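Please open the structure in your viewer and keep the selection panel at hand.

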Amino acid sequence: MEMTVGIHNYVTPKLRPNYKNSSFLKTQLPVGRKLSSCSSSTIKFPSFSHSRRNPLHSFIKCSVSEAEATDTATEKVELVRRNDIRNIAIVAHVDHGKTTLVDAMLKQAKVFRDNQVVEERIMDSNDLERERGITILSKNTSITYKDTKMNIIDTPGHSDFGGEVERVLNMVEGILLVVDSVEGPMPQTRFVLKKALEFGHAVVVVVNKIDRPSARPEFVINSTFELFIELNASDEQCDFQAVYASGIKGMAGLSPDNLADDLGPLFETIIRCIPGPRVKKDGSLQMLVTSTEYDEHKGRIAIGRLHAGILNRGMDVRICTPDDACRFGKVSELFVFEKFSRAPAESVEAGDICAVCGVGDVQIGETIADKADGKPLPTISVEEPTVKMAFSINTSPFVGREGKYVTSRNLRDRLYRELERNLAMKVEDGETADAFLVSGRGTLHLTILIENMRRENYEFMVGPPKVINKKVDDKVLEPYEIATVEVPEEHMGAVVELLGKRRGQMFDMQGVGSEGTTVLKYKIPTRGLLGLRNAILTASRGTAVLNTIFDSYGPWAGDMTTRDLGSLVAFEDGTSTSYALCSSQERGQLFIKPGVEVYKGQIVGIHQRSGDLALNVCKKKAATNVRSNKEVSVVLDTPLDYSLDDCIEYIQEDELVEVTPKSVRMLKNPKMNKKGR
């Protein structure tokens, strides 16, 4: 094959290029693909980059042989678009209303009976999700609208669970980008949109909570469009359809002033703007496993989208890994997602999302393929973790009182089992046999794991969170994050001072809505964010909202102090008394109340000055034979009630958190205290 290439640069006009009606758009071929519609002849066609800043027209002369053209034509015929299915993911920043919108979609698609009792945020089925009011795990469901099946994936909005979003984007062709009608695009909005655009997915922007009094839809749409341009979206992606909705009322419309009584306009937009899956219907079986679940009766269940071929129940398959190591298995049961449950199926065609039982050792990222000539699909890649914590066995005097699993073998098995479904997490063996280093996307990511293990009757200790640094050309680089703080104007000074102490650099400040709220945007080292949430709430009297997202690695910002006050430490083992606590509370704020068992080295409060102070909180009043005329009443302050998240934020380098099913205690690290002596 002969090929001659000539490239002509030209100066582009500043106006936005409109390629939509260009006659050559239909004949455009990706660079590097063979031509299928030409015989031995010379063809000229332009090829351009989708980047709006640097379009380039290339004029290529090529001569292609008949044989190559025929082969490629055969390959091209295999890709068929299914119009009876839409696979979509709903992505957004935390608290922008994804799960509430999915609730409304399920109700209006008649998934539930009219007399059925349905809880709020039904997709948040996990106990921890309901307690915290956030989505932690991605979940699948489906609805049927006008003979079109819509597979919907609800995703987490918190940046610490970004790995869940990256994982499911392999399964879909389009996304619903939900944006709050007041706040507009937020840090996590940028992250999930960037990932979706990299996959080339179609995007429908849903401006949610349009019924809020201070809604500003025009600003939100303009901000979202600017975000598309910043992320180098193609012209087709920038020309997105906007839908205005109120998820809680179940209403939507194509203009903010004209909402329909239901979500019909949203369903119609999904069918019109998001394409069906392009699949090799007659090709060899290929299914990429993007999620796994466990059932006590069925064992491990692999969930993924069928990219090619047909999968039948009872079929023998090959499990392929990217490194060409293959093994064989058999599909015992097959399910598809119908309404709010899994429905058994005899066969599934390419393009649909299904759940497979029987392949017990399958891992996320592996391919279930045809037994005869199966080939692996590209594996799933997620971004690297930025924070690590040390997990170790419980060595406190109270070990084994509350937990069932206390040995290093139990701890090791549980941590490595977490890696099977949590792609964004890493586990390494520590310096000793009973310690492990666990790395994740952020403190919340690791705290959720700790809380789940605690509820499973594990007992262990964790150290303070530390950032994961990199060394490039003998220079230490540390992770930086973009922090967005919404704070009322009267508390802005205290928040700005706090972020400045933690090496944060402000790059944007603007007023939001009519509530007198200011949005501050900072680039700040991840180190500076450890323990920041509680400090900001204290500085703003509980009114500030902090959101963060990983940005990049940058130069080491220097030393910083994240805590000014020391700890109050128990002097001896025993039970706390009112008499001892009355004098102890003059030294600072206490964590304990009378009648609580404590041990030597346990942290019982916050010292009012820097440096630690040892206290005897178990001292009893001396009994004398002198009769008192009146009883002395002891008035004690209400102790601080620290949650697991608060404790992990509070501790420093020489401190640990003891985690048991019923208690969370803090203590000084006995190993570090010995080194200090």
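Helices (H or I, at least four residues) are DSSP runs, numbered from the N terminus. Axes are lines fitted to C-alpha atoms over the stretch in contact, and angles run from 0 to 180 degrees between N-to-C directions.

The model is predicted, with local features needing pLDDT of at least 70 and side-chain atom pairs counting only at pLDDT 80 or more, while totals for chains, interfaces and linings use all residues. Residues are numbered from 1 along each chain as its sequence is written, and side-chain values use heavy atoms, without hydrogens and water.

**First stop: H5 and H6**

Select residues 187-199, helix H5, and residues 217-230, helix H6; their axes come within 10 Å and cross at roughly 50°. H5 and H6 are therefore oblique to each other. Next, display the side chains in contact (heavy atoms within 4.5 Å). Thr189, Arg190, Leu193 and Leu197 of H5 meet Leu227, Phe228 and Glu230 of H6. This contact has 4 nonpolar, 1 polar and 2 charged residues. Here Ala, Val, Leu, Ile, Met, Phe, Trp, Tyr, Cys and Pro count as nonpolar, Asp, Glu, Lys and Arg as charged, and the others, Gly among them, as polar.

**Second stop: H9 and H10**

Select helix H9 (residues 408-418) and helix H10 (residues 443-455), whose axes come within 12 Å and cross at roughly 130°. H9 and H10 are therefore oblique to each other. The contact of H9 with H10 divides into 4 nonpolar, 1 polar and 2 charged residues.

Select helix H11 (residues 492-501) and helix H13 (residues 532-539), which pack at an angle of about 155° with axes 9 Å apart. That makes H11 roughly antiparallel to H13. Which residues make the contact of H11 and H13? Ala494, Val495, Leu498 and Leu499 come from H11, and Leu532, Ala535, Ile536 and Ala539 from H13. The contact of H11 with H13 has 8 nonpolar residues, no polar and no charged.

**Last stop: the cavity**

A cavity is a set of points, on a 1 Å grid over the protein atoms alone, where a 1.4 Å probe fits but cannot get out; lining residues have an atom within 4 Å of a point. Select Ser138, Asn140, Arg167, Val168, Met171, Ser291 and Ile303, which line the largest cavity. This lining divides into 3 nonpolar, 3 polar and 1 charged.

Technical notes
1 Å grid on protein atoms, 1.4 Å probe; cavity = no way out; pocket = protein on both sides within 12 Å on 5 of 7 lines; lining within 4 Å. Helix = DSSP H or I, 4+ residues; strand = E, 2+ residues; numbered from the N terminus. Parallel < 35°, antiparallel > 145°, perpendicular 65-115°, else oblique.
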